[in-house]
Amino acid sequence: MNRTIKALLYPYVVWIAMMIVVPFFLIFFYSITQSRPDSPAIFRFTLQHYREFFKTENINILSKSVILAVETTILCLVLGYPAAWIISKTNVNIQNMILLLFILPMWINMLLRTYAWQVILSRTGLLYTDTAVVIGMVYNFIPFMVLPIYTAITKIDKSLIEAANDLGASSKEAFLKVVFPLSMPGVITGIVMVFLPAVSSFAIPRLLGGGQYVLIGNLIEKQFYLLNNWNFGSAVSVILMILILISMRFMRKSGEISGRGGAILW
Amino acid sequence: MKRFFLVIFTVVAVFFITACSNKNQGGNDSGKQVLNVFNWGEYIGFDPVTINGVTYDNVIDAFEKIYNVKVNYETFDSNEAMYTKLIAGDARYDVIIPSDYMIERLIKQDRLNKLDFSLIPNYSLISQDIVNKLDEEYPDIEMNDYVVPYFYGTVGIVYDKTKVTKTVDSWSILWDEDYKKKIFMYDSQRDSLMVALKLLGYSMNTHDLDELQQAKEKLIEQKPLVYAYVGDSVNQQMIDGEAYLAVVYSGDAAYIMYNNPNMSFAIPKEGTNFWIDSMVIPKTSQNVELAHKFINFMISPEIARANTEYVMYTTPVEQVFNEVIEEDWANNYAYNPTIIDVFGGNIQTEVFRDPGDFIKEYDKIWSEVLSPERNYIVPIVIGGVVIIGLVAYLVLKKRKNRVY
Amino acid sequence: MVKGLKIQHKIYLGLMFLFLYAPIFVLVLYSFNASEAMGRWTGFTLKWYRELFRSDVIKNAFYYTIICAIISTIVSTVFGTVAAIGIYYHKKRVQDYVLNVNYLPVINPDIVTAVSLMLLYISVGIQRGFTTMVLAHIMFSTPYVILSVLPRLQAMDPHLIDAAQDLGATQLQAVRKVIIPEIMPGIIAGMLIAFTMSIDDFVISYFNTSGGVTNLSIEIFNMAKRRIRPTVNALATLMVAVIVMFVFIINRIGSKKKMEYRLKEDEK
């Protein structure tokens with residue numbers, strides 16, 4: 001019975017081999033080789049690009065990106081969780097509409113929205129400050145936090161909450177001991193979906209913080225655009241990937257610890 | 001309410017349909033020739049233009065209709081991005097409009113076609129001053145064999161004359177404490193390094209590491225006074241009066257001054273960068289003849305006029321330049337400083353030369369300028385320890401709970 | 001605990017929406033601004049809307065953006081759903097392998113994905129253009145679809161398929177009539193995410209297209225160097241209006257269906 005259904009997977013495996021594995025392998029390859037500028041076919045293996053990364057300015061850049069991403073993620077969580085919870089409590093008929101209205105701004109070009117923020121922030125004198133950057137980042141990523149948390153909350157079996165109430169818990173206790181822990185998978189997903197793009201984002205910090213904001217995304221982009229240094233660019237990309245994979249591991253661990261593993265998006 | 005939505009929907013539907021029909025007209029059409037143009041963003045006339053009594057939507061539309069061809073118009077935002085795309089090899093561009101130093105690189109790498117000026121009769125309309133300048137500044141390559149100038153200008157300081165009462169004639173005003181946080185610097189290594197180098201009296205093309213270090217020190221010294229290092233949006237922000245002083249290209253200054261009468265433009269006496277963007281035909285072009293026609297078209301008087309009126313950058317087409325400064329730009333120093341000061345030798349200007357691989361050094365210096373003062377390593381280590389501690393705590397807690 | 005919404009909750013949500021729509025409001029407002037630069041209001045005008053209809057560059061970009069988004073969304077949704085179903089029925093080890101690779105584009109910064117694809121296209125010698133752009137979009141959208149559909153599959157009662165087959169359905173019929181409806185919310189969610197990712201994409205498209213094929217993000221980015229014409233604001237405004245309209249229509253249809261359902265229930 002399962003054979004036909006199992007076969008459904010095979011086209012996709014071919015696809016990811018071609019479109020994901022090979023490209024990333026190419027990046028990895030570029031990161032550990034160096035070819036002569038005039039004859040790209042001749043190359044040698046080297047770790048120089050990785051060594052080049054471990055200089056103070058680059059580490060600083062990486063740190064700044066990570067710190068900014070962490071701030072953004074925490075704020076999104078603090079502001080987004082209540083929003084998700086409130087939406088889950090609204091009239092069931094309009095919940096979907098509210099969610100759609102939540103996502104809608106994301107369909108308007110990100111650059112345009114950020115320019116609009118420039119106008120707003122300059123009016124309030126906040127432009128080109130750290131606050132401006134955080135506001136811009138939170139604005140851009142908060143839907144990614146709210147949606148998974150909302151999904152997780154709505155999946156919770158209502159009878160569990162009733163049971164808690166029957167056993168004498170106040171609504172506050174019911175929330176802390178039942179709802180919040182059970183919504184954890186959603187929280188984890190939200191954190192992942194905000195932190196990852198945030199750490200590599202560079203457009204918003206550049207526009208709202210001024211050119212002083214040089215982040216890891218800038219660094220990588222510069223290598224490919226400006227400096228024609230694809231090898232170093234690939235090395236930094238690999239380093240970033242590794243870092244992200246490590247943090248994903250941590251997420252997974254804490255996700256499993258709190259009860260449910262795996263990422264739920266919806 | 002419903003009617004309102006219906007209107008919007010119809011408008012969008014019509015828009016989409018016209019967009020689609022535009023597409024179909026072009027691509028699979030009955031053997032219409034195709035021209036691939038690669039230019040800066042917002043760098044061609046997008047307002048309606050009238051030629052011989054017929055009005056066209058914009059310059060590209062005019063060319064398409066008059067010559068019965070299809071134009072694939074693509075844009076780039078920096079010379080380097082253009083270069084990356086060009087050498088990646090798959091795009092067959094027919095006409096590209098890069099900057100002087102990039103053209104220098106392309107010529108040296110033998111990527112450009114020499115122009116057949118018999119196909120560009122309008123070339124005689126180009127100001128001889130510009131042509132000579134190109135010869136002077138790039139003596140080792142025959143630039144004029146490969147290019148037709150498109151726009152040119154300088155880099156200077158645009159400032160709010162109602163707020164800046166001191167004389168603006170030196171780059172040093174950008175280091176003036178009185179204007180703290182009201183100064184915009186350009187978020188570009190070459191342009192900002194240029195400012196510092198000129199202030200110190202050095203060449204903007206220097207490869208001397210010592211001079212570059214000094215420039216770096218100067219820029220770091222300036223950092224607390226800088227409101228922001230902006231790339232784009234400086235135009236809009238200056239029009240809004242966000243800052244009092246900004247380093248801008250003369251064309252952008254012209255645009256700013258046009259939209260904000262409080263603004264004025266000055267070229268510092270220490271000298272500045274003089275730049276020329278020109279039209280070239282890469283060797284990978286598949287339609288060289290049509291490319292020549294397009295270039296000729298672009299410097300025809302009506303089109304050159306349409307372009308310069310829209311973009312507000314200075315045109316090298318002499319008769320258009322003369323007309324335009326009589327009418328609109330008489331008081332706009334950003335638009336026409338060159339005749340008197342630049343070509344007359346009052347102000348020293350330099351063109352950028354292709355840095356080649358040395359760009360990495362420039363970039364290093366620039367990164368050091370922009371580098372944050374605080375050291376982030378300590379917070380990161382602390383953060384890492386905290387996270388590990390948290391996870392360890394949770395693991396232990398889970399283990400404890402299992403014991404019943 | 002079926003509590004109604006307290007007033008402070010409503011206020012919180014209201015503030016959140018205010019925050020979300022503030023820049024949208026600014027964009028819409030300035031699409032009617034007579035001045036070219038955003039930031040200073042100099043008068044009301046519709047000229048940007050007129051120019052929008054004339055602007056080949058923007059129309060071209062809009063056309064490619066939408067077509068690419070629609071095609072890549074449809075393809076990645078179908079592909080992703082099929083793949084998710086396939087994954088679900090394999091053993092855990094296979095699942096893990098596939099999923100780990102599958103999520104690489106999700107966790108990677110766009111610039112890395114963008115460049116890796118570009119390297120691929122250059123090495124293989126494919127001319128970059130519309131096809132490569134669409135393929136790239138499918139590549140990064142499909143994992144999100146899978147991410148969205150798989151949990152629904154995992155939450156589904158595994159005996160449903162058996163029940164269907166006991167009642168005489170073939171495998172494919174079982175899939176179509178039983179599984180798909182069960183996971184439909186996940187499919188729809190995945191579709192929405194795929195569409196969102198595609199329509200706003202910049203970096204990946206930028207590195208993987210050329211020859212006159214472009215999209216809105218690329219064009220706006222290139223315009224930004226000099227100035228952003230409010231024509232783009234006009235386009236954004238129209239898009240907002242259309243989307244809001246669709247949202248309301250869908251909601252209307254949804255609640256109508258619920259009303260009918262409830263009436264039918266009452267009749268029983």
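pLDDT is the predictor's confidence in each residue, on a scale from 0 to 100. The structure above is a predicted model, and the pLDDT of its chain A averages 82.

**Confidence in chain A**
- In chain A, 91% of the residues have a pLDDT of at least 70.
- Residues 257-266 of chain A have a pLDDT below 50. Leaving aside near neighbours in sequence, this stretch of chain A makes 35 contacts in the model.

**Build of chain C**
- Chain C contains 12 helices and 0 strands.
- Along the principal axes, a box of roughly 70 × 60 × 30 Å holds the C-alpha atoms of chain C.
- Chain C has 268 residues, and 49% of them are buried.

**Contact between chains B and C**
- Chain C contributes 34 residues to this contact, and chain B contributes 38 residues.
- On the side of chain C that touches chain B, two or more residues come from each of α2 (47-54), α3 (56-88), α11 (216-224) and α12 (230-267) of chain C.
- α3(C) gives the most to that side, with 6 residues.
- Sorted by class, the side of chain C that touches chain B has 14 nonpolar residues, 10 polar residues and 10 charged residues.

Terms used: Residues are numbered from 1 along each chain as its sequence is written. Chains are lettered from A and ligands numbered from 1 in the order in which they are written. This is a predicted model: local features need pLDDT of at least 70, side-chain atom pairs count only at pLDDT 80 or more; totals for chains, interfaces and linings use all residues. Two residues are in contact if their C-beta atoms, placed from the backbone, lie within 7 Å. Helices (H or I, at least four residues) and strands (E, at least two) are DSSP runs, numbered from the N terminus. Ala, Val, Leu, Ile, Met, Phe, Trp, Tyr, Cys and Pro count as nonpolar, Asp, Glu, Lys and Arg as charged, and the others, Gly among them, as polar. A residue is buried if 20 or more other C-beta atoms lie within 10 Å of its own, exposed if 12 or fewer, and partly exposed in between; C-beta atoms are placed from the backbone.
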